[in-house]
Amino acid sequence: MYRSQMQAFLASEADNFSLEVFDSLGLRNLIQTALDEGKGWEKKECVLKSPLVVVLVLLMTLHRNVSIVNVFKSILSTLRTKRERLSLTVMSEEALYHARARIGVDPMRILFEKTTHLVEWK
């Protein structure tokens, strides 16, 4: 599969990408709300859509001993169930770093505030 085709596929899936655990908690809607309120949506058309980048950041917190690149590769591995020949090297490391910075702090803070009620703290 050509790089441009892989990027097009990733871009089409990125808007809808979510993990089942996130959907079961209603996090998909919370992520979109946090991006709206925190003005974290991408300003121009790009492959790494904001909801996918938020999921990447959330997964990075669960896998703190793994690099951002390897966490993203695990996301791509999940997407490979839909497109077998999807390369695991679609994005450069720099693109991932810039995408995370593009989201900013505000949407992540808002998402945290909106999800704290989902967890019972002891």
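The side chains of Arg109 and Asp106 form a salt bridge, 3.6 Å from N to O. A salt bridge here is a side-chain nitrogen of Lys or Arg within 4 Å of a carboxyl oxygen of Asp or Glu. This is a predicted model, in which local features need pLDDT of at least 70, side-chain atom pairs count only at pLDDT 80 or more, and totals for chains, interfaces and linings use all residues. Residues are numbered from 1 along each chain as its sequence is written, and side-chain values use heavy atoms, with hydrogens and water left out.

Arg109 and Asp106 sit three residues apart in helix H7, so about one helical turn separates them. Arg109 also pairs with Glu113 in a salt bridge, with the closest N and O atoms 3.3 Å apart. Glu113 and Arg109 are four residues apart in helix H7, again about one helical turn. Shared partners join Asp106, Arg109 and Glu113 into one salt-bridge network. How accessible are these residues? Asp106 is partly exposed at 40% relative accessible area. Arg109 is partly exposed at 38%, and Glu113 is partly exposed at 47%. The classes are buried under 20% relative accessible area, exposed over 50%, and partly exposed in between (1.4 Å probe, protein chains only).

The whole structure holds four salt bridges. One of them pairs Glu37 with Lys114, with the closest N and O atoms 3.5 Å apart. Side chains of opposite charge can pair when their charged atoms come close.

Glu42 lies in the loop between helix H3 (27–37) and helix H4 (50–62).

Glu42 does have a polar partner. Its side chain makes a 2.7 Å polar contact with the side chain of Ser50. A polar contact is a pair of N or O atoms within 3.5 Å; within protein, one must be able to donate a hydrogen and the other to accept it, and residues adjacent in sequence count only if both atoms are side-chain atoms. Not counting residues up to four places away in sequence, Glu42 touches Lys49, Ser50 and Arg102. Contact means heavy atoms within 4.5 Å.

Lys39 is exposed, with 65% relative accessible area. Lys39 has a positive phi of about 55° although it is not a glycine. Most residues other than glycine have a negative phi.

Ile103 belongs to helix H6. Ile103 is buried, at 3% relative accessible area. Lys39 and Ile103 are 64 residues apart in sequence, yet their C-alpha atoms are 8.2 Å apart in space. Setting aside neighbours within four places in sequence, Ile103 contacts Leu35, Gly40, Ser50, Val53, Val54 and Met108.

## The nonpolar core

The largest nonpolar core has 27 residues, and Leu48, Leu56, Phe72 and Leu96 touch the most other members. H3, H4, helix H5 (68–79), helix H6 (93–103) and H7 each supply at least two residues of this core. Such a core is a set of buried Ala, Val, Leu, Ile, Met, Phe, Trp, Tyr and Cys residues joined through side-chain atoms within 4.5 Å.

What does Leu56 contact, leaving aside neighbours within four places in sequence? Ile68, Val71, Phe72, Ile75 and Leu96.

## Overall build

The protein has seven helices and zero strands. Helices (H or I, at least four residues) and strands (E, at least two) are DSSP runs, numbered from the N terminus. Of the 122 residues, 39% are buried.

Among contacts with a separation of 6 or more, 73% come from residues 24 or more positions apart. The accessible surface is about 7,600 Å², and carbon and sulfur atoms account for 53% of it. Accessible areas come from the Shrake-Rupley method with a 1.4 Å probe; for residues, only the protein chains shown count as cover.
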